[in-house]
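Please load the model in your viewer and keep the selection panel at hand. The stops below are meant to be taken in order.

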Amino acid sequence: MFNFFDEVKNLKNMTITDKYNIVNISGQILYVEGHLGLTNLSKENISFRVKGGRVVVEGTNMMLAELSENTLKIVGEIKKVEAF
């Protein structure tokens, strides 16, 4: 079975923890594996829970392109990703 995160482990803009994985591709696509649910959804701010905290994504014209039980894909102009 294809696993996106196994395929891109060599990318520089990737955060891998034992709790969740985040890949930012050229500031245009953000893949997340291990989210626990959305807490905010707008074109400028998307936030979601992860094990041990929360992640906030800031940008412009962002939208949720895919959402499943533990993965999500955000597209748009991604300017900042912070984990709390």
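Predicted model: local features only at pLDDT ≥ 70, side-chain atom pairs only at ≥ 80, totals over all residues.

Residues are numbered from 1 along each chain as its sequence is written, and side-chain values use heavy atoms, with hydrogens and water left out.

Of the 84 residues, 35% count as buried (under 20% relative accessible area, with exposed over 50% and partly exposed in between, using a 1.4 Å probe and protein chains only).

Next, select Leu 30, Phe 48, Val 55, Val 57 and Ile 74, which touch the most other members of the largest nonpolar core, a set of 13 residues (buried Ala, Val, Leu, Ile, Met, Phe, Trp, Tyr and Cys residues joined through side-chain atoms within 4.5 Å). Strands β3 (29-33), β5 (45-50), β6 (53-67) and β7 (71-83) each supply at least two residues of this core.

Now centre on Val 55 and display its surroundings: leaving aside neighbours within four places in sequence, Val 55 is in contact with residues including Tyr 20, Ile 22, Phe 48 and Val 81 (contact means heavy atoms within 4.5 Å).

Move on to Asn 21 in strand β2 (residues 21-25). Is Asn 21 buried or exposed? Asn 21 counts as buried because its relative accessibility is 11%, and its side chain makes a polar contact with the side chain of Glu 33 at 2.6 Å.

Then select Thr 60 in strand β6, which counts as partly exposed because its relative accessibility is 24%. Not counting residues up to four places away in sequence, Thr 60 touches Lys 43, Gly 76, Glu 77 and Lys 79; the C-alpha atoms of Thr 60 and Asn 45, 15 residues apart along the chain, are separated by 8.0 Å.

Finish at Leu 41, which has its place in strand β4 (residues 35-41) and counts as partly exposed because its relative accessibility is 49%.

How values were computed: Helix = DSSP H or I, 4+ residues; strand = E, 2+ residues; numbered from the N terminus. Polar contact = N/O pair within 3.5 Å; in protein donor to acceptor, adjacent residues only side chain to side chain.
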